[in-house]
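The exercises below are meant to be worked with the sequence and the coordinates side by side. Each task is followed by a solution in steps.

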Amino acid sequence: MTTTHSDPVSATEAGSSATPSLKKRLLKIVLALVVVLGGAYLVWRQRADLAIAVQELSLGRVAIAGVLAIVGTMLIGQIWVAILHGMGIRPSLRESHSVFYVSQLGKYLPGSVWPVVAQMQFGLRWGVARRTMLGANILFMGVVVASGIGVGALLLPWSSSEGLDRYWWLLLLLVPLAICLHPRVVPGVLDWLFDRLGREPLGVRLTARGLFTAIGWAVLAWVAFGLHLAVMMQSYASIGLVEVAAATGGMALAWAAGIAFIPAPAGAGIREALLALTLGPIIGVPEALTVALASRVLLLLADVVLAGLGAILGRRTS
C-alpha cells in the first residue's frame with residue numbers, strides 16, 4: 001500500500017498565495033459597494049432637480065437626453081484610453097473603462113483632482129509610474145479643454161446672426177490651442193518641471209496617432225452632448241442644424257471651462273452659467289437654465305451608472 005505525504009512547504013505557499021487573493025477580492029467588493037452607495041447618494045441629492053426636469057421637459061425627452069449623456073460620457077472615456085495607448089500604456093479595455101468610470105465620481109468632491117489621484121494609484125497595478133499617469137491625465141484634460149474651446153470657437157460665432165460679434169474672441173484661441181496640442185509640448189513642459197523638482201522625467205511621449213485619435217473621440221463626444229442638449233431644448237423652441245451647432249459649441253465650451261476652474265466640483269455653476277449665456281438667445285435665459293440644470297443631473301446619472309458598471313467589471317478582473 002502506498003502512502004501519500006503532503007508537502008508542508010507547498011501547503012504553506014498555497015495558503016499564503018490564497019490570502020492575498022482573498023484580500024484582493026474583498027477589496028474589490030468593498031470598492032464596488034462604496035461606488036454604488038456613493039452614486040446612489042449623489043442621485044438622491046439631485047432628486048428634486050430631476051423631478052422638475054421631467055415635469056417641464058417631459059419624461060420621453062429626459063430619457064433620450066439621458067441615453068445621449070451616457071453615450072457622450074463613454075466617448076469621453078475613450079479619449080483617456082486613446083491617450084494611454086498613445087503613451088504605450090495598454091491595459092485591457094475592460095480594466096481601462098473600469099478605472100476611468102469609477103474614478104470619475106471623485107470629480108464631485110471639492111478640488112476636482114481626485115480622479116487624477118485615483119488613476120495615478122490604479123496605474124501602479126499596470127506597472128506604470130505615478131508621474132507617467134500624471135502626464136497621461138494632464139494630456140487628457142488638455143485634450144478635453146482644448147478641443148472644447150476649439151469646437152466652441154468653430155461653431156458659436158456662426159450659430160446666430162449676432163454670434164460673430166459675441167464670440168469673435170474665441171477665434172483668437174485657435175492658434176495657441178493648436179500649438180499646445182502638439183504631442184511634444186505637454187510632455188516637454190512636464191519633463192522641465194520634473195527636472196526643476198529633482199524628479200525623473202516621464203520617459204514616454206504621446207504619439208501623433210494617439211493624439212489625433214483622442215481629438216477624434218473628443219469631437220464625437222461634443223456632438224453627442226450637443227444632441228443631448230438639443231433634445232431638451234425642443235421643449236421650448238423649434239430646433240434645427242443651427243441650434244444643434246449652438247448647443248454643441250456651447251456644451252463644449254462650458255465643459256472646458258468647468259474643467260479649467262478646478263475649485264468647482266465637476267464645474268458646478270460654471271457650466272450652467274455658460275450654457276445660459278449661449279442657449280439663452282435661442283430659447284430664453286430661464287429656459288436655458290432649466291436645460292442646463294437638467295443636463296447636470298443627467299450627466300451625474302450617467303457617471304453613476306457607468307461607475308457602477310465599472311465597479312462590477314473591475315471586480316471580475318483578476
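**Exercise 1.** Which residues are buried in helix 12?

*Solution.* The model is a predicted one, and burial here requires a relative accessible area under 20%. In helix 12 the buried residues are Arg 271, Glu 272, Leu 275, Ala 276, Thr 278, Leu 279, Gly 280 and Ile 283. To read such a list, recall that an α-helix has 3.6 residues a turn, so residues three or four places apart point the same way.

**Exercise 2.** Describe the course of helix 12, from its span to the residue that follows it.

*Solution.* Begin with the span: helix 12 comprises 14 residues, 270-283, and its first and last C-alpha atoms are 19 Å apart, which is close to the 20 Å expected at 1.5 Å a residue. Next, look along the axis, where a bend of about 35 degrees is found at Leu 277, with a proline, Pro 281, following within four residues. Finally, pass beyond the helix to Gly 284, whose phi is positive, near 100 degrees.

**Exercise 3.** Which residues make the nonpolar surface patch, and which helix gives the largest share?

*Solution.* The patch, of about 550 Å², is made by Val 175, Ile 179, Val 185, Val 189, Trp 192 and Leu 193. Helix 8 (174-180) and helix 9 (185-196) are the elements that each give two or more residues to it, and helix 9 supplies the largest share, 4 residues. Val 175, which is found in helix 8, has a relative accessible area of 58% and is therefore exposed.

**Exercise 4.** Is Leu 301 buried or partly exposed, and how far from Gly 66 does Leu 301 lie?

*Solution.* Leu 301, in helix 13 (residues 285-316), has a relative accessibility of 24% and so counts as partly exposed. Leu 301 and Gly 66 are separated by 235 residues in sequence, whereas their C-alpha atoms are 7.8 Å apart in space.

Conventions:
Residues are numbered from 1 along each chain as its sequence is written. This is a predicted model: local features need pLDDT of at least 70, side-chain atom pairs count only at pLDDT 80 or more; totals for chains, interfaces and linings use all residues. Side-chain values use heavy atoms; hydrogens and water are left out. Patches are made of residues with over 30% relative accessible area and no salt bridge: like charges are joined within 9 Å, nonpolar side chains (Val, Leu, Ile, Met, Phe, Trp, Tyr) within 5 Å. Accessible areas come from the Shrake-Rupley method with a 1.4 Å probe; for residues, only the protein chains shown count as cover. A salt bridge is a side-chain nitrogen of Lys or Arg within 4 Å of a carboxyl oxygen of Asp or Glu. Buried means under 20% relative accessible area, exposed over 50%, partly exposed in between (1.4 Å probe, protein chains only). The expected span of a helix is 1.5 Å times one less than its number of residues. The bend at a residue is the angle between axes fitted to the seven residues ending there and the seven starting there.
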